[in-house]
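Work through the exercises below with the sequence and the 3D view at hand. Each task is followed by a solution in steps.

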Amino acid sequence: MTGTIADEGRRTAKKAKSGARDAQRSPAFRALARAGLVSQAVIYLLVGVLALRVAFDGDGQQADQGGALEELAQQPFGAALVWAVGCGIGALGLWRLAQALVGTAGPEGHTAKSRIPMAGAAVLCAVTSFSVLGFAAGEQDSGSSDEQSRDLTAQAMEWPAGRWLVGLAGLVVIGVGVWMGVRAVRRKWREELRPGVPRWGRRLLDVLGTGGELARGLVFATAGFFVCRAAIVFDPDEAVGLDNALRSLASAPAGPWVLTATAAGLACYGAFALAMARWQRI
C-alpha cells in the first residue's frame, strides 16, 4: 500500500515536471513571463520614485507596493494598467513555479539551491498578484505594508511558540537580504542571459543589477531586523513593512544619503527587470 502511494506520488511529480517543461517551451508562456518581468519593473520603478520623494521631502506618499498602485491608478488608463500589472505578476509567478519544478538557466540551474528560491518567489508573486488584482477590482484598498506587517506579526504571536516563529521569520528575511547582496556581488544573472546580448547591454545589466540587488538586500535586511526586534520585545508594533524600513534608513548615520542611494537602487532594480525582460533566457 505504501509503495503504491509512493509510486503514484512519483508519477504525479513526473507529470507536473513534464507539464512545466512543456509550458516553458511555449512561445505564449515565454511572452507572459516577459510581461511579468515588465510588471515587476513597473512596481519597483514607482517604489523607487516614491522613496526618492521621501528622501527629499521627508514625507509624501507611502513608498511601498500600495503607494505604487495608487500612483499608477492616477495615471491615464490607470485602472487598465493596474489590471495589467496584476495579471503580469501572476504570469511571472507561474514562470517561477515552472523554474522551481524544472530548474533555471545556468550550470547549477537544476540544483536545489537554485530551485528552492524560485518556489519562494512563486509564492510571493501569487500573493502580490492577488493583492494587486484585489485593488484593481475595488475589493480591497492598497493597504500599507507597515500595517500588514504589524497585523501578521500580531496574529503570529498568538500562536503556540509564536514569538519564536516571528523571530525565525525575521532571521529568514534577513537571510534573504544577505542572499540578494551575495547575488549582487557574484552577478549571478549573467548565467540567465540569452546568447547575443551586446557588450554594452551586459555592462548596463551589471550596473543596474548590482545597485538594484544591493538596495533590495538592504531593505529586506532592515525589515527583518525590525521583525526580530518585535519578537525580542514581544511587541508587534515594532514590525515594519517596506515603507517604514526605508524611512528608518533616514535616521541612520548619513541617513538621507543612505535613503537616497537605496531609493535610486530600487529604481535601478526596476530598470534591471525591464532589461531582463528583453535579454533573459526564458
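## Exercise 1: aromatic pairs

Searching the whole structure, which is a predicted model, gives five aromatic pairs.

**Task.** Classify the pair formed by the rings of tyrosine 44 and tyrosine 269, and state which parts of the chain the pair ties together.

**Solution.** 

Step 1. A pair of aromatic rings is described by the distance of the centres and the angle of the planes.

Step 2. For tyrosine 44 and tyrosine 269 the ring centres are 4.8 Å apart and the planes stand at 65°. Planes over 60 degrees apart count as edge-to-face, so the pair of tyrosine 44 and tyrosine 269 is edge-to-face.

Step 3. Tyrosine 44 belongs to helix α2 (residues 27-57) and tyrosine 269 to helix α10 (residues 255-279), so the pair ties together parts that are 225 residues apart in sequence.

Step 4. Tyrosine 44 and tyrosine 269 are both buried.

**Solution.** 

Step 1. Tryptophan 200 is in helix α8 (residues 199-233) and tryptophan 279 in helix α10, so parts 79 residues apart in sequence are tied together by the pair.

Step 2. Exposed means over 50% relative accessible area and buried means under 20%.

**Task.** Which residues do ring pairs link into a cluster?

**Solution.** The cluster linked by ring pairs consists of Tyr44, Trp189, Tyr269 and Phe272.

## Exercise 2: arginine 216

**Task.** Describe what the charged end of arginine 216 sits over and which side chain arginine 216 meets in a salt bridge.

**Solution.** 

Step 1. The ring of tyrosine 269 has the charged end of arginine 216 over it, 4.1 Å from the ring centre.

Step 2. Side chains of opposite charge can pair when their charged atoms come close. Arginine 216 and glutamate 213 form a salt bridge, with 3.3 Å from N to O.

Step 3. Because arginine 216 and glutamate 213 are three residues apart in helix α8, about one helical turn separates them. Both arginine 216 and glutamate 213 are buried.

Step 4. A network of salt bridges links Arg183, Glu192, Glu213 and Arg216.

## Exercise 3: further salt bridges

The search of the whole structure gives seven salt bridges.

**Solution.** 

Step 1. At 12% relative accessibility aspartate 206 counts as buried, while arginine 187 counts as partly exposed at 30%.

Step 2. Glutamate 191 is partly exposed at 29% relative accessible area, and lysine 188 counts as buried at 19% relative accessibility.

## Exercise 4: nonpolar cores

**Task.** Which residues of the largest nonpolar core touch the most other members, and which element gives the most to this core?

**Solution.** 

Step 1. The largest nonpolar core has 47 residues, of which Trp95, Leu205, Leu246, Leu266 and Phe272 touch the most other members.

Step 2. Elements giving two or more residues to this core are α2, α3 (65-73), α4 (78-102), α5 (112-136), α8, α9 and α10. The most comes from α2, with eleven residues.

Step 3. Leaving out residues up to four places away in sequence, phenylalanine 272 touches Trp189, Leu205, Leu208 and Gly209.

Step 4. A second, separate core has seven residues, including Met157, Val227, Ala230 and Ala239.

## Exercise 5: aspartate 235

**Task.** Locate aspartate 235 and list what aspartate 235 touches.

**Solution.** 

Step 1. Aspartate 235 is in the loop between α8 and α9 (242-249), and counts as partly exposed at 27% relative accessibility.

Step 2. Not counting residues up to four places away in sequence, aspartate 235 touches Met157 and Ala230.

How values were computed. Residues numbered from 1 in each chain as written. Predicted model: local features only at pLDDT ≥ 70, side-chain atom pairs only at ≥ 80, totals over all residues. Heavy atoms only, no water. Phe/Tyr/Trp six-rings, centres within 6.5 Å; stacked < 30°, edge-to-face > 60°. Helix = DSSP H or I, 4+ residues; strand = E, 2+ residues; numbered from the N terminus. Buried < 20%, exposed > 50% of the residue type's maximum accessible area, 1.4 Å probe, protein only. Lys NZ or Arg CZ within 6 Å of the ring centre and 35° of its normal. Contact = heavy atoms within 4.5 Å. Salt bridge = Lys/Arg side-chain N within 4 Å of Asp/Glu carboxyl O. Core = buried A, V, L, I, M, F, W, Y, C linked by side-chain atoms within 4.5 Å.
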